[in-house]
Amino acid sequence: MDQFSYLSVLLSIIIGLAITQVLKGFRGIVLARRRVVMYWPVVVWAVLLLAIDVQSWWASFGLRWIAHWTFPEFAVVLLQTTIQYMLAALVFPDFFGDEPTDLREHYYGHTGWFFSLLIALFATSLSKDLVIDGRLPESSNVAFHMAFLAGALGALCTRREGYHKAVSIVGLLGFAVYTMALFSRLR
């Protein structure tokens, strides 16, 4: 087994747990649907997080060319997947019980942590290339990261509902364009 195959097991487990966390939230909504007060931006963010997790796993195949890993290289990739899990853990409540669950209340109760982690995720994604390759990724990739960072920073700084609704939709559509433009083929 080469180094990448060995190291990618832990990364795949964490990404799998993140995906499970989001899917568990969707399951909770379905099972407790009569007691859930829906808030569609939460659903959009959950779909976006699933897309980020899948794209991250897909793009990690490009790391297979690294023949000799250092701990800092692995640590930055591990940090990125850990942040992805934490975002997945925040997007939905852990438990949909007998009491009504208001997704809007949950969303605004966690926006500080959620958007701080989202900013950390995009910053870590950029720093991963610096640590592994010694340079930033291509300019179009950096431009997408900067746009995502700006949107997340805006959401961190305001509680205006219109902004939060818009940034969720723009984020989802922007991430779809980003993925299709830069990661449509396995490299």
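Predicted model: local features only at pLDDT ≥ 70, side-chain atom pairs only at ≥ 80, totals over all residues.
Reader: Is Val167 buried or exposed?

Author: Val167 lies in helix H7, which spans residues 161-182, and it touches Trp45, Gly151 and Ala155 when residues up to four places away in sequence are not counted. Its relative accessibility is 12%, and the cut-off for the buried class is under 20%. Because of that 12% value, Val167 counts as buried.

Reader: Which helix gives the most residues to the lining of the largest pocket?

Author: The largest pocket has a volume of about 730 Å³, and of the 33 residues that line it, the closest to its centre are Ala59, Lys128, Asp129, Asn141 and Phe183. At least two lining residues come from each of helix H2 (40-59), helix H3 (71-91), helix H5 (111-133), helix H6 (139-157) and H7. The helix that gives the most, with seven residues, is H5.

Reader: How many charged residues does the lining of the largest pocket have?

Author: Sorted by class, this lining has 17 nonpolar and nine polar residues. The remaining class, the charged residues of the largest pocket's lining, comes to seven.

Reader: Which residues lie nearest the centre of the second largest pocket?

Author: The second largest pocket has a volume of about 200 Å³ and is lined by 15 residues, with H2, H5, H6 and H7 as the elements that give two or more of them. By class, this lining divides into twelve nonpolar, three polar and no charged residues. Those nearest the centre are Ala147, Phe148, Val167, Val170 and Gly171.

Notes:
Residues numbered from 1 in each chain as written. Heavy atoms only, no water. Helix = DSSP H or I, 4+ residues; strand = E, 2+ residues; numbered from the N terminus. Buried < 20%, exposed > 50% of the residue type's maximum accessible area, 1.4 Å probe, protein only. Contact = heavy atoms within 4.5 Å. 1 Å grid on protein atoms, 1.4 Å probe; cavity = no way out; pocket = protein on both sides within 12 Å on 5 of 7 lines; lining within 4 Å. Points joined across faces, edges and corners; volume = space filled by probe spheres on them. Nonpolar A, V, L, I, M, F, W, Y, C, P; charged D, E, K, R; others polar.
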